[in-house]
Amino acid sequence: MANDGVPIRRIVRLTGLSRKRVRQILRGEREDVFRFRESSLTPWLLRLERERADGCRNGAELWRRLRAGSFQGSLRVIGEWAARQRRAERAAPTGPEKSPPAREIARLPAQGQTNRLKMLERQMYGMANIDLLRARLVQGA
């Protein structure tokens, strides 16, 4: 990007790296530009997903099962993974939205009439009596 004339400030914003690190990279002082750390879970993800599909949702139980298979990571790593899976499961819509209660549905037409009446009252405020208001309501219906 810098070769294309993009300012350092913009590179910082786009990459999320610190200004100091961007400068070091541009000067050739750093070799580890795109260093990625592999998670301790990466080799175990297929087994974790298989265990989860079999019904094991508890992080501690998942950790115990992986430990039996020579997993070296901590309980916390597995627990956080399980919590993320639960949150994702809850966030995904599973069926149709909950319908409103019958009482609320029954009240909707009445609310519409009330709002219409109030709007007409506001429009005609001080101009006519109840007979003219009644005539406008009947005419509009």
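Contact here means that heavy atoms lie within 4.5 Å of each other. Keep that in mind for this tour of a predicted model.

**Stop 1: Leu62**

Select Leu62. It lies in helix H4, residues 59-68. Is Leu62 buried or exposed? Its relative accessibility is 1%. The cut-off for buried is under 20%, so Leu62 counts as buried.

Now show what surrounds Leu62. Leaving out residues up to four places away in sequence, Leu62 touches Leu48, Glu51, Cys56, Ile78, Trp81 and Ala82. Pick Ile78 from that list. Leu62 and Ile78 are 16 residues apart in sequence, yet 7.1 Å apart in space, C-alpha to C-alpha.

**Stop 2: Glu51**

Next, select Glu51, another of the residues that Leu62 touches. Glu51 sits in helix H3, residues 45-53. At 14% relative accessibility, Glu51 counts as buried too.

Which residues does Glu51 touch, not counting those up to four places away in sequence? They are Cys56, Leu62 and Arg65. Zoom in on Arg65. The side chains of Glu51 and Arg65 make a polar contact at 2.5 Å.

**Stop 3: the two sides of H3**

Colour Leu48, Glu51 and Arg52. These residues of H3 are buried. They cover an arc of only 100° around the axis, so they are on the same side of H3. An α-helix has 3.6 residues a turn, so residues three or four places apart point the same way.

Turn to the other side of H3. Which residues are exposed there? Look for Leu46, Arg50 and Ala53.

Go back to the buried residues of H3. They pack against H4 and against helix H5, 75-91.

**Stop 4: where H3 meets H4**

Show H3 and H4 together. Two packed helices are described by the angle between their axes and the distance between the axes. For H3 and H4, the angle is about 130° and the axes are 11 Å apart. That makes H3 oblique to H4. The crossing of H3 and H4 is right-handed.

Which residues make the contact? From H3, select Arg47, Leu48 and Glu51. From H4, select Leu62, Arg65 and Leu66.

Definitions and conventions
Residues numbered from 1 in each chain as written. Predicted model: local features only at pLDDT ≥ 70, side-chain atom pairs only at ≥ 80, totals over all residues. Heavy atoms only, no water. Helix = DSSP H or I, 4+ residues; strand = E, 2+ residues; numbered from the N terminus. Buried < 20%, exposed > 50% of the residue type's maximum accessible area, 1.4 Å probe, protein only. Polar contact = N/O pair within 3.5 Å; in protein donor to acceptor, adjacent residues only side chain to side chain. Arc of directions from axis to C-beta. Axes fitted to C-alpha atoms, helices over the stretch in contact; angles between N-to-C directions. Parallel < 35°, antiparallel > 145°, perpendicular 65-115°, else oblique. Left-handed = near helix turned anticlockwise from the far one by under 90°.
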